[in-house]
Amino acid sequence: MVFWEGYVSDEVMGTFAPILVYWLYAGAYQLLPPLDNYRLHTRREEDEKNSMPLPSVVKGVLLQQLIQATVAQGLFLLTSKANISGVTIQPSIAVQIVQIVIAMLVMDTWQYFVHRYMHQNKFLYRHVHSQHHRLVVPYAIGALYNHPLEGLLLDTFGGALSFLVSGMTARTAVIFFCFAVIKTVDDHCGLWLPGNIFHLLFQNNTAYHDIHHQLQGLKYNYSQPFFPIWDKLFGTYMPYDLVKRPEGGFEARAMKAMKDS
């Protein structure tokens, strides 16, 4: 039993809940006060280094979400597990947890290798993936700011593959995709807040991904959004150190860069 049962279908929730969650969670970050004592970059750095204005970022995210919603509706329609009565038998909680873990590993695998290839292929980086890196200083609303082709290949196809391989139902997909969205937004929030559960539970977090957005980290820390497994296995893992800035806030410094300096 879920709170939306009897109001909207699992398929509709699976399509639109992640979009709603994205804007609620990212919007909450956007509405926070400056919080200069917790920022990984100063507000001046954000203004100077980011080449895309917020309205353009919002339009880009909405376009990607439109594509995702279209693909999700088709995917749910083609993979419906409903019986003759239109009822989908839900697996046990234990099975759903296993399916979510499988989906996390599948998504991490897909995104690591596609993401890494987009950096290695000069044409794809210049004409596709570089759009995401126009936000040198990441912030929450820009988490899904990508070229439409990248959004389709990296996020939409990766999500579809995770759903299919794990064998989850649309109801379980609501939980998984909402969690994946929250994690992705948090990884791009640009804040190192005390008690943030994602910073406590995941090595792949806001500071970890911030390294990737820095010039010296472009060829490292490709893993997203959950675990740094593939980075560690393929030698693209770059640890970091959080250093307090004298003027307030933190700086995520790549360990390699620290050794070289």
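User: Is Trp4 buried or exposed, and what is its relative accessible area?

Analyst: Trp4 is buried, with a relative accessible area of 7%, where buried means under 20%, exposed over 50% and partly exposed in between, for a 1.4 Å probe and protein chains only. This is a predicted model, in which local features need pLDDT of at least 70 and side-chain atom pairs count only at pLDDT 80 or more, while totals for chains, interfaces and linings use all residues. Residues are numbered from 1 along each chain as its sequence is written, and side-chain values use heavy atoms, with hydrogens and water left out.

User: How many aromatic pairs does a search of the whole structure find?

Analyst: Rings of Phe, Tyr and Trp (its six-membered ring) pair if their centres lie within 6.5 Å, and planes under 30 degrees apart count as stacked, over 60 as edge-to-face and the rest as tilted. The search of the whole structure finds 19 such pairs, among them Phe3 and Trp4, which are edge-to-face at 5.1 Å centre to centre with 85 degrees between the planes.

User: Which residues do ring pairs link into a cluster?

Analyst: The cluster linked by ring pairs consists of Phe176, Phe177, Phe179, Phe198, Phe202, Phe226 and Phe227.

User: Which residue lies over the face of Phe202?

Analyst: A charge sits over a ring if NZ of Lys or CZ of Arg is within 6 Å of the ring centre and within 35 degrees of the ring normal. Lys183 lies over the face of Phe202, at 4.9 Å from the ring centre, and Lys232 lies over the face of Tyr237, at 5.0 Å from the ring centre.
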